Amino acid sequence: MKTIHAVAALTVAAASAVQAMITCDSNNPCPSSAPCCSSYGFCGVGAYCLGGCYTKDSFSIDSCMPAPVCKSSDYDFSSMDGFVENTEYLGDPASGNWVFSGNPLMYNNDAVLLTMTEDSSGTLLSSTRYVWYGKMSATMKTSRGAGVVTAFIMMSDVKDEIDFEFIGTDVATAQSNYYFQGITDYGNEKNLSAPNTDSQWHTYTIDWQPDSLSWEVDGKVLRTLYRNETYNATAGQYHYPQTPSRVQFSLWPAGKAGNAQGTIEWAGGEIDWSSPYMQNGYYYAMVKDVTVDCYNPPAGYNNQGNKAYWYENKYGTNDTVVIGNNNTVLSSFLATGEEPKKGASSSVAATKTGSKSTASSSATAQPETIPGVSGGGSRESGSDVASGSGSSSGSSGSSGSSGSSDSGSGSTYTGSNSFSQGLESGSGTNDGNRVVAGSLVALVAFFAAAMML
Ligand SMILES: *[C@@H]1O[C@H](CO)[C@@H](O)[C@H](O)[C@H]1NC(C)=O
Ligand SMILES: *[C@@H]1O[C@H](CO)[C@@H](O)[C@H](O)[C@H]1NC(C)=O
Ligand SMILES: *[C@@H]1O[C@H](CO)[C@@H](O)[C@H](O)[C@H]1NC(C)=O
Ligand SMILES: *[C@@H]1O[C@H](CO)[C@@H](O)[C@H](O)[C@H]1NC(C)=O
Ligand SMILES: *[C@@H]1O[C@H](CO)[C@@H](O)[C@H](O)[C@H]1NC(C)=O
């Protein structure tokens, strides 16, 4: 949840530099021309309609693409095989297990680094398949330092959420939390003890069942929540996470100057961008291994097939989820759930050009195609630099090092001993970001504060 606040703030900063992007909220769903509402509250087509497409504020119940069903797997992060950038992924889980934005890097063929350079929004990694109840484990080390947050979460397209979050000023604690449909209830957070989360490998497990939810550290159950404890009498509903969710890992700048004060305080203060906890110019967390054990769908579910989850209506509760045989793949970044074949003949490169021209020409009516990307590109006034970076603010690590983004990004991400590699770059986009940020701090702060309510 807090992840969304921060990234939304950064997205606003980037987007506002060029043109008003179309926003979506519960009173203003997206228009048919850009039907998909991102989890950050902006409308678009293409990647906006894939993972994270916010069903409730999208144009119609068909706008968001059906989501690939759970598949039990052990993902060994000794390579980045199966990682696809969000500027490439069109919804086929056979094309990759993990979709990323920002700059993940390999470390010694042993673990993936989630990196965060100054003025970037860090790195976000999401499973391409969803889970509708399952047991997820991740072996990882967290980052350190004020304002720096490492996260291992489950997030659904109606914002049900289950969290492990690690604040960089407290490496003896794993914060456990959960949300039903994004409703903030500060009483849901509980601290679990986990020694030296930054220097020792620990395995964190989320055991998510229809009636109970447990958080485990190294195989020991430290917290269990029962569905029957979450009943909200006002709403007449269980405020329990209950809808198909992606597995996500992120390293993100909660303590970035300009974020909501509450978020900065929660994260242990403002980020020091010349901290000794940075190496090669970036903060980093490490993920070594991830397992997903899918449970059976819940008793009595709406069974119409076995390939994809979709919602029957916008209530977004467990009983509105259907498992069908629906297609999950878009033909291009111009396509949507209503028109999944749109732009079938244009290549990926051509649609990315389309996205770029959106950024460079504020007059064009071309909808946004990838959350965050054209906003990042906008800072460069239409230059191609930032389109290689998926992160919301144009991560300096990836965009700077690639130069000519599209061809360069591949080599940046796959270097096998790249711990010392990630940062050689960076400076290109930072200056632009500072200029933009300076004039937009007030707006960002306002927006982030509004979203904290
Ligand atoms: C999934 O497929 C079913 C059966 O063809 C169809 O009725 C439904 O509208 C589809 N759902 C979505 C979200 O496309
Ligand atoms: C959890 O620990 C943090 C310090 O790391 C503290 O600020 C917070 O209040 C604690 N939360 C709870 C619910 O005890
Ligand atoms: C909730 O459910 C659990 C397990 O099903 C049960 O042990 C417990 O007594 C229930 N608690 C309440 C308050 O009903
Ligand atoms: C119950 O749900 C409503 C929203 O539906 C929320 O505003 C309220 O805070 C919840 N109450 C509790 C005690 O969580
Ligand atoms: C949905 O949750 C309700 C409790 O709110 C439960 O009784 C029902 O069995 C669940 N249905 C599915 C399909 O999970």
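This is a predicted model: local features need pLDDT of at least 70, side-chain atom pairs count only at pLDDT 80 or more; totals for chains, interfaces and linings use all residues.

Biologist: Which residues does the UniProt annotation "active site" cover?

Modeller: According to the unreviewed UniProt entry, the "active site" annotation covers Glu-161 and Glu-165. Glu-161 lies in strand β12, residues 161-167, and Glu-165 has its place in strand β12 as well.

Biologist: Is Glu-165 buried or exposed?

Modeller: A residue is buried if 20 or more other C-beta atoms lie within 10 Å of its own. Glu-165 counts as buried because it has 24 C-beta neighbours inside 10 Å. Glu-161 is also buried, with 22 such neighbours. Leaving aside residues up to four places away in sequence, Glu-165 touches Val-149, Ala-151, Gln-175 and Asn-177.

Biologist: How many residues does the largest nonpolar core have?

Modeller: That core has 97 residues, and Cys-49 is one of those with the most contacts inside it. Strand β21 (residues 282-294) gives the most to this core, namely eight residues.

Biologist: Where is Ser-332 found?

Modeller: Ser-332 is in the loop between β24 (321-324) and α3 (348-360). Ser-332 and Gly-343 are eleven residues apart in sequence, yet their C-alpha atoms are 5.4 Å apart in space.

Biologist: How many bridges join strand β7 to strand β8?

Modeller: Four bridges join these antiparallel strands, and Met-106 stands opposite Val-112 in β8. Their hairpin has three residues between the strands, and there Asn-108 takes a positive phi near 50 degrees.

Methods. Residues are numbered from 1 along each chain as its sequence is written. Chains are lettered from A and ligands numbered from 1 in the order in which they are written. A nonpolar core is a set of buried Ala, Val, Leu, Ile, Met, Phe, Trp, Tyr and Cys residues joined through C-beta atoms within 7 Å. A residue is buried if 20 or more other C-beta atoms lie within 10 Å of its own, exposed if 12 or fewer, and partly exposed in between; C-beta atoms are placed from the backbone. Helices (H or I, at least four residues) and strands (E, at least two) are DSSP runs, numbered from the N terminus. Two strands pair if DSSP finds at least two bridges between them. UniProt positions are given in the numbering used here, feature names are shortened, and annotations may be inferred rather than shown by experiment. Two residues are in contact if their C-beta atoms, placed from the backbone, lie within 7 Å.
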